[in-house]
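Reader: I am new to protein models, and I would like to learn how to read one feature after another. Could you take me through this one slowly?

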Amino acid sequence: MSFTALGLSPQILRALDESGYKEPTPIQNEVVPLVLSHRDVMARAQTGSGKSASFVLPILQLWSQNVGEGKSKIKALVLTPTRELTLQVAQTFESMGAFLPQKPKVVSIIGGESIGDQLFAIQKGCDVVVATSGRLIDVLNKKQMNLAHLQFFVLDEADKMLDLGFAEELELILKEIPSKRQNLLFSATYPPKMQMIASRITQNPIQVTIEADVPTVGTIHQRVIQVNHANRGPLLRHLLEYEKWEQVLVFMANKRATDNIAAKFKKYGFLAESFHGDLVQEDRNYTLDAFKAKKIRILFATDIAARGLDVDDITCVINFDLPRSPADYIHRIGRTGRAGKSGLAVSFIDHEDFDHFKLIEKRSHIKLVREQIEGFELNGNTPVKVKGPEPVKGKGKSKKDKLREQAAQAKS
Ligand code: AMP
C-alpha cells in the first residue's frame, strides 16, 4: 500500500516525502488505518520496524482535523522507557507535522534536563507531550499540567518500562487522564505482566503482529566469533582495520568497561566514545549527534543504547560482552539494519559464554557457524562443570554454628 492509499493528508504526505519515506512499513500499513478509525491498538512491534511513525502519522492527522481555537491543549501523551526514545518520538511528531496548517507544539519531559524549562513549555501551551514516566510524575506532582483534554494515550516499547517498576507510576498517570480516550500500546513482547497492563489501559483493542519485522530475519547478517576474553580488544582493532566497517556500535557489560575501552581506542587513534547512563543528558545528546554525523566511528555503549537509539547507517553492532537475555540480543542487533537496510551483528564468545549463546540462538530461532579469526584463535578448554553434592536446605551448618566451632577450636 502507499501512504496516499492510507488516507493521509497532503501536508503529511509532503513531510513523508521530505523525510525520504517512500512507502509504509508493514506495521504502518496495519496500524495507521486502525488509529484513523479510532480503534485501540495493541501491537507487537520490534524497534526498527517504523512503529513510531505508525502512531505519529494518524495521531497528527486526527489532531489536525480537530485542532480548535485558542491556547493549545494536550491532546496526545506518549510514554517511552528512555530519554533517547522520548526525544526521537518528539522529533518524529515535529518533522511529520512540519507542513500542517497549524504545527503541533511538542514538549519532551525527561530527566536530566531542567524541569523548570519543561514546566514553562507546558504552561505556554502544547499539543503533544512525550515523556519518560519518572519525570512526568514529578511534573504532575507540581499540579501544573492539565491532561483533562487528552485524546490519545500511547505506550511505546512498553515491555521495557515494566523493568523500571512502572505499574505504580501508570496508576498515578491514569488518575490524571480522561477515561474516554484512544489507547495505543507497542511492545516487543507480551509477558503476563504486560497483558495485565494492556487490559488495564486498552478497551477492546485490535491486536497487530508483524512477523516480518523481527530483526533477526533477513536484513541482519549475524556472526559469532570465538575468542578469548583477553583477546577481544586486539581482535576488535584487527576487524576494524580489515573489515573497514564505518559506523560501529559496541556493547559492553558495564559503564566502567565502556569508559576504559573507549579511552584505549582513542589512544590507538580511533574516533571512539563511550555512551552510558551516568553521562549527563547534554553529553549523551552531544555524543549521539556526533555519532550520527559520523564524527565518531566507534561508540562503546551499555544496554542503554540497545533500545530506542535510532541512528541510521550503523554498519555493525558488536557484542563485546554478550547481552543478559535473548530479548536484549534482539534489541541490540536491531540497532543495525534499520528500516529494511542490511546490517551486520557480531558476537564475541569465550568458553564460558558457549551455553549462554546457545540459549540466545534457541530463543531467537537462529543457528550460527562458530568462526575463529587467524591470529586470535580461542585457546584453552571448555571449563568442565564439577557437580558436587547438592546442598541440603537446613542440613548445613549455620553461620553462628561455624563461628561457635571456630571459637571452640581457638580455645582448645
Ligand atoms: P522506529 O521503528 O520507529 O524506531 O523506526 C526505525 C527507523 O525507520 C527510523 O529511523 C525511521 O525514521 C525510519 N522509518 C520509519 N518509517 C519509515 C518508512 N516508511 N520508510 C523509511 N524509513 C522509515
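**Reading a buried lysine and its surroundings**

Author: Let us begin with Lys51, which counts as buried because its relative accessibility is 4%, where buried means under 20% relative accessible area, exposed over 50% and partly exposed in between, with a 1.4 Å probe and protein chains only. Please keep in mind that this is a predicted model, in which local features need pLDDT of at least 70 and side-chain atom pairs count only at pLDDT 80 or more, while totals for chains, interfaces and linings use all residues. Residues are numbered from 1 along each chain as its sequence is written, and side-chain values use heavy atoms, with hydrogens and water left out.

Reader: Where in the chain do Glu157 and Lys51 lie?

Author: Helices (H or I, at least four residues) and strands (E, at least two) are DSSP runs, numbered from the N terminus. Glu157 lies in the loop between S5 and H7 and Lys51 in helix H3, so their pair ties together parts that are 106 residues apart in sequence. Glu157 counts as buried because its relative accessibility is 3%, and Asp156 is buried as well.

Reader: How many salt bridges are there by this rule, and in which helix do Arg14 and Glu18 lie?

Author: The count comes to 15 salt bridges, and one of them joins the side chains of Arg14 and Glu18 at 3.9 Å, N to O. Arg14 and Glu18 both lie in helix H1 (residues 10-18), four residues apart, which is about one turn of the helix. Arg14 is partly exposed, with a relative accessible area of 46%, whereas Glu18 is exposed at 56% relative accessibility.

Reader: Which residues come nearest to the ligand?

Author: A residue is near a molecule or strand if one of its heavy atoms lies within 4 Å of it. There are 16 residues around the ligand, and Tyr21, Gln28, Gly50, Ser52 and Asp310 come nearest. For polar contacts we look for a pair of N or O atoms within 3.5 Å; within protein, one must be able to donate a hydrogen and the other to accept it, and residues adjacent in sequence count only if both atoms are side-chain atoms. An N or O atom in the side chain of Tyr21 is 2.5 Å from an oxygen atom of the ligand, and a polar side-chain atom of Gln28 lies 2.8 Å from a ligand nitrogen atom.

Reader: Is Gln118 buried or exposed, and which backbone oxygen does its side chain reach?

Author: Gln118, whose place is in helix H5 (residues 115-124), is buried because its relative accessible area is 5%. The side chain of Gln118 reaches the backbone oxygen of Ile110 at 3.0 Å.

How values were computed:
Salt bridge = Lys/Arg side-chain N within 4 Å of Asp/Glu carboxyl O.
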